[in-house]
Amino acid sequence: MQNQPLPLILSFGVCDPVGALGVQSDVAAFAALGCHGLSAIAGLLVSDSARVEHMYELDSDWMAEQARALLEDMPIAAFKVGAVGTALHLAAIAEIVSDYPDAPLILDPFLSALPDAGMGDEEMLMALRSILAPQATALILSQAELGRMAELWRDGGDADPCNLAEDVAELTSSGLQYVLVTGTRDTAGACSNRLFDASGEVARVDWQHLPGPFLGAGNTYSAAFTALMARGMDAPTALAVAQEYTTGALENAQRFGMGKFIPAKFFRP
């Protein structure tokens, strides 16, 4: 019998019947990287391998009750927050995680498979920026999502690369430790994931775009990054190792239905 358990990660997010998104995807990636996943469900998806048809929100009190029951029973090594339905969910999560300041908190709140998930709701963006991000270890978002958030503090909040460093600085000034901007492109079209802290860019990993189409690629990456942080890696190292893992999962992805390819979380090199 093992006395030292695997690192436990509590994931807040949606339940996906396909297992490509949300907490099911998180749990699989956590397991592949030597962690055990726990979940607090904020919503139920109606989806297949091609698209998400609908999301049914669960009451934020029900989600919080799930989390509290787990936290009273087990030691948590890290938290991951994915897409949730309302600002009330974010407020409940912020209250819960405030009691565990030593555990890494990774935010990946914008689920691209959900149209305008979180980005169209200014109340949610404000809650994310003001009450949850200041507690977080890392906020993961695309350059377009960063530009949308920037509309909260400047006029013309677009995804202009010239504004990227300024927009990141606005977030880190509130207490957020790292901003991880995914999928940035240089003038030659090369893709990079770039990690920033209050001092500026601290790490970057370049990657080659794969044709796909994929369902859950971003979710796979953020779950891997969280698992590596839970295992004690620093953020720059986790940035690179998570990308290596995600690339392998995409290169070995499978098409289970008539829709998109699903990343293979348990691929073996």
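Q: Helices (H or I, at least four residues) and strands (E, at least two) are DSSP runs, numbered from the N terminus. Which strand holds Val-46?
A: Val-46 sits in strand 2, which covers residues 36–47. This is a predicted model, in which local features need pLDDT of at least 70 and side-chain atom pairs count only at pLDDT 80 or more, while totals for chains, interfaces and linings use all residues. Residues are numbered from 1 along each chain as its sequence is written, and side-chain values use heavy atoms, with hydrogens and water left out.

Q: Why is Val-46 called partly exposed?
A: Buried means under 20% relative accessible area, exposed means over 50%, and partly exposed lies in between (1.4 Å probe, protein chains only). Val-46 has 37% relative accessibility, so Val-46 counts as partly exposed.

Q: How do you know whether Cys-15 is buried or partly exposed?
A: Its relative accessible area is 23%, so Cys-15 is partly exposed.

Q: And what makes Cys-191 buried?
A: Cys-191 has 3% relative accessibility, so it counts as buried.

Q: How many disulfides does the structure hold?
A: A disulfide is a pair of cysteine sulfur atoms within 2.5 Å. The structure holds 0 of them.

Q: Which residues of helix 1 are buried?
A: In helix 1 (residues 22–32), the buried residues include Gly-22, Val-23, Asp-26 and Phe-30. Contact means heavy atoms within 4.5 Å, and the buried residues of helix 1 pack against elements including strand 2, helix 7 (217–230) and helix 8 (235–251). After helix 1 comes Gly-34, with a positive phi near 85 degrees.

Q: How many aromatic pairs are there?
A: Rings of Phe, Tyr and Trp (its six-membered ring) pair if their centres lie within 6.5 Å; planes under 30 degrees apart count as stacked, over 60 as edge-to-face and the rest as tilted. Searching the whole structure gives 4 aromatic pairs.

Q: Why is the pair of Tyr-245 and Phe-267 called tilted?
A: Their ring centres are 5.7 Å apart and their planes meet at 35 degrees, so the pair is tilted. Tyr-245 lies in helix 8 and Phe-267 in the segment after helix 8, so the pair ties together parts 22 residues apart in sequence. Both Tyr-245 and Phe-267 are buried.

Q: What makes Asn-193 buried?
A: Asn-193 has a relative accessible area of 2%, so it is buried. Asn-193 belongs to strand 8 (residues 191–197). Not counting residues up to four places away in sequence, Asn-193 touches several residues, among them Leu-180, Trp-207, Tyr-221 and Gln-243. The C-alpha atoms of Asn-193 and Leu-180 are 6.9 Å apart.
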